[in-house]
Amino acid sequence: AKQYFEKALQIAASKGLPEPMAAAYKALAVTALRTGNYAEGRRQAQMALENSRIAKNIDDMRGTAFLLSNLHERLGNHKEALRYQRLGEQAKDSLYNIEKTRLLSNQQWAFEVKSRQREIDLLNQNRLLQARELQQRTWQRNLSVVGGGLLAALAFLLYRNMRRQHRVNQLLEEKNDEIERQRRQLVELNATKDKLFSIVSHDIR
């Protein structure tokens, strides 16, 4: 395993990647701790802490600081062990604050998203209401146009029927006048006929 970690360290160092270098150094330090080589472990852990700082990885800094505290404790360096223990606690507090800030930011973001969505929903409802009102006004206008057209057509038909009825009545009156005139002529003819027959009858007698 140590050879694997050393190989990984070489690759990360060749590419100038501090975070993978910190992980490899930390793995070597843990390996040294397990084998009882505390001084080597301290050296590797110190390199891991330095690369974690460069990478600005607070979580790795926290774990490595606690690892260094353990190694110094085993080496009898109680003062250094306490210092790294405090450093780990500080990193832990920083992680807590970062997590708390991230949580608050996420809550704020979620609240803003919800508020924005509420505004969008209200806008959509207003647009829907406006569309319905516009559609209703359009229907009313169309009904008014159609109703006006129907009334105009009905008025025209009534007017035409009235004109036609007036013409029919006028023709009937003219026909009645003609019939009355013919009836009077017939009466006069009958009277003339009767008078003529009366004269003829008198002459014969």
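**Charged pairs, helices and a loop residue**

E180 has a relative accessible area of 29% and is therefore partly exposed, a class that lies between buried (under 20% relative accessible area) and exposed (over 50%), as computed with a 1.4 Å probe on protein chains only. The structure is a predicted model, in which local features need pLDDT of at least 70 and side-chain atom pairs count only at pLDDT 80 or more, while totals for chains, interfaces and linings use all residues. Residues are numbered from 1 along each chain as its sequence is written, and side-chain values use heavy atoms, with hydrogens and water left out.

The account begins with the charged side chains. Side chains of opposite charge can pair when their charged atoms come close. A salt bridge is taken here as a side-chain nitrogen of Lys or Arg within 4 Å of a carboxyl oxygen of Asp or Glu, and by this rule there are 7 salt bridges. One of them joins E180 to R184, with the closest N and O atoms 3.6 Å apart. These two residues stand 4 residues apart in helix α5, so about one helical turn separates them. Helices (H or I, at least four residues) and strands (E, at least two) are DSSP runs, numbered from the N terminus. R184 has 43% relative accessibility and therefore counts as partly exposed.

An α-helix has 3.6 residues a turn, so residues three or four places apart point the same way. R116 counts as exposed because its relative accessibility is 52%, whereas E119, with a relative accessible area of 43%, is partly exposed.

The dimensions of α3 may be considered next. The expected span of a helix is 1.5 Å times one less than its number of residues. The 18 residues of α3 should therefore span 26 Å, and the end C-alpha atoms are 25 Å apart, which agrees. The buried residues of this helix are G41, Q44, A45, A48, L49, N51 and S52.

What follows α3? The helix is followed by K56, whose phi is positive, near 60 degrees. K56 is a residue other than glycine, and it is found in the loop between α3 and α4. With a relative accessible area of 70%, K56 is exposed.

N57 is also found in the loop between α3 and α4 (58-75). Is N57 buried or exposed? Because its relative accessibility is 16%, N57 counts as buried. Its side chain makes polar contacts, defined as pairs of N or O atoms within 3.5 Å; within protein, one atom must be able to donate a hydrogen and the other to accept it, and residues adjacent in sequence count only if both atoms are side-chain atoms. A polar atom of the N57 side chain lies 3.2 Å from the backbone nitrogen of D59, and the side chain of N57 also reaches the backbone nitrogen of D60 at 3.1 Å. Beyond its neighbours within four places in sequence, N57 is in contact (heavy atoms within 4.5 Å) with E19 and S52.

Helix α2 (residues 18-34) has 17 residues and should span 24 Å at 1.5 Å a residue; its end C-alpha atoms are 24 Å apart, which agrees. Its buried residues are M21, A22, A24, Y25, A27, L28, A29, A32 and L33. The elements that cover these buried residues include α1 (2-15), α3 and α4. After α2 comes G36, whose phi is positive, near 85 degrees.

Finally, R83 lies over the face of Y84, at 4.5 Å from the ring centre. A charge sits over a ring if NZ of Lys or CZ of Arg is within 6 Å of the ring centre and within 35 degrees of the ring normal.
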